[in-house]
Amino acid sequence: MPLKAEAISKRSKTAWFLRDVSFEATQGEILAIFGPNGSGKSLLLQILSGREKSNGGRVTLDEMVLPHASGTAIQYFGPYPNDGFIGRLSTVIRPGRSDNSADRVSAAITSNARVILLDDVFCGLDRDGREREFERLRKSAREFQTIVVIASSSFEEVLSFCDKAAVLHKGEILQHGIAENIY
């Protein structure tokens, strides 16, 4: 059951935010979308979750095009406590004011989502806390065969904890593969 992003693009009249972004993530795998601030990581997660529309490309899960695949629904945990429940296919978790990173990871693990999207969720934790929460996330992803996609600007996190990485820069994927090979 791979999650595939194929040629995802987003633009305004004068600028590209994402341009032909493609990657694949498989069950039980943690994929990092790595890039500097402003590279398009959060926008890409929003498009994957269905909360933002792209100008081109498609997202598929089990070869069904999202968000139109039958039985699909999307769950979103945003930066504010009232962003609320929309469904259960994907989870987007972003840093928030009212909860901590460990609570957000717990919410993701217990969400029964097939795909979990985490947007820079570990930024509030020290190294020990990140290691502990990543280990919980990894164990859950393997056990329940969940696809996890993490957006991060910390290559240390990507290299230490993720199976694969996609390097996003100025809205384009520059490299995609095993994190150690990219390094």
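Predicted model: local features only at pLDDT ≥ 70, side-chain atom pairs only at ≥ 80, totals over all residues.
In strand β9, Ile-147, Val-149 and Ala-151 point one way while Val-148, Ile-150 and Ser-152 point the other way, and all of these residues are buried. The strand spans residues 147-152, and six of its six residues are buried, which leaves β9 mostly covered.

Two strands pair with β9. Strand β3 and β9 run in the parallel sense and are joined over five bridges. Within this pairing, Leu-31 has Val-149 of β9 as its bridge partner. Strand β8, made of residues 115-119, also pairs with β9 in the parallel sense, over five bridges. Here Asp-119 stands opposite Ala-151 in β9. Val-149 and Ala-151 both belong to the set of β9 residues that point one way.

Stepping back to the whole chain, the model contains five helices and eleven strands. Of the 183 residues in the protein chain, 45% are buried. Among contacts between residues at least 6 apart in sequence, 60% join residues at least 24 apart. The protein chain exposes about 9,000 Å², and carbon and sulfur atoms supply 47% of that area.

Four strands form an open sheet in the order β2-β1-β4-β5, with antiparallel pairing. Its edge strands are β2 (16-25) and β5 (64-66), each of which pairs on one side only. On average, neighbouring strands of this sheet are turned by 30° against each other when direction is ignored.

The sheet can be read strand by strand. Strand β1 (residues 3-11) pairs with β2 in the antiparallel sense over six bridges, and Ala-5 has Phe-23 in β2 as its bridge partner. Strand β1 also pairs with β4, again in the antiparallel sense, over five bridges; in that pairing Glu-6 stands opposite Arg-58 in β4. Strands β4 and β5 run antiparallel and are joined by three bridges, with Val-59 standing opposite Leu-66 in β5. These two strands form a hairpin with two residues between them, and Asp-62 in the turn has a positive phi of about 55°.

Helix α1 (residues 41-49) packs on this sheet, where it touches β1, β2 and β4 (56-61). The direction of α1 makes about 60° with that of β2. The helix is mostly covered, as seven of its nine residues are buried. The buried residues are Lys-41, Leu-44, Leu-45, Gln-46, Ile-47, Leu-48 and Ser-49. After α1 comes Gly-50, whose phi is positive, near 90°.

Two aromatic pairs are counted in the model. Phe-34 and Phe-155 form an edge-to-face pair, with 4.9 Å from centre to centre and 70° between the planes. This pair links distant parts of the chain: Phe-34 lies in strand β3 (residues 30-34) and Phe-155 in helix α4 (residues 155-161), 121 residues apart. Phe-34 has a relative accessible area of 17%, so it counts as buried under the 20% cut-off. Phe-155 is likewise buried, with a relative accessible area of 19%.

Why is the pair of Phe-134 and Phe-161 stacked? The ring centres of Phe-134 and Phe-161 lie 4.1 Å apart and their planes meet at 10°, so the pair is stacked. Phe-134 lies in helix α3 (residues 127-144) and Phe-161 in helix α4, so this pair ties together parts that are 27 residues apart in sequence. Phe-134 counts as buried at 1% relative accessibility, and Phe-161 is buried with a relative accessible area of 9%.

A contact between a charge and a ring is found as well. The charged end of Arg-11 sits over the ring of Trp-16, 4.6 Å from its centre. Arg-11 falls within the residue range of β1 (residues 3-11), and Trp-16 within that of the edge strand β2 (16-25).

Note on methods: Residues numbered from 1 in each chain as written. Heavy atoms only, no water. Phe/Tyr/Trp six-rings, centres within 6.5 Å; stacked < 30°, edge-to-face > 60°. Buried < 20%, exposed > 50% of the residue type's maximum accessible area, 1.4 Å probe, protein only. Lys NZ or Arg CZ within 6 Å of the ring centre and 35° of its normal. Pairing = 2+ DSSP bridges. Axes fitted to C-alpha atoms, helices over the stretch in contact; angles between N-to-C directions. Contact = heavy atoms within 4.5 Å. Areas by Shrake-Rupley, 256 points an atom, 1.4 Å probe, with all protein chains shown as cover.
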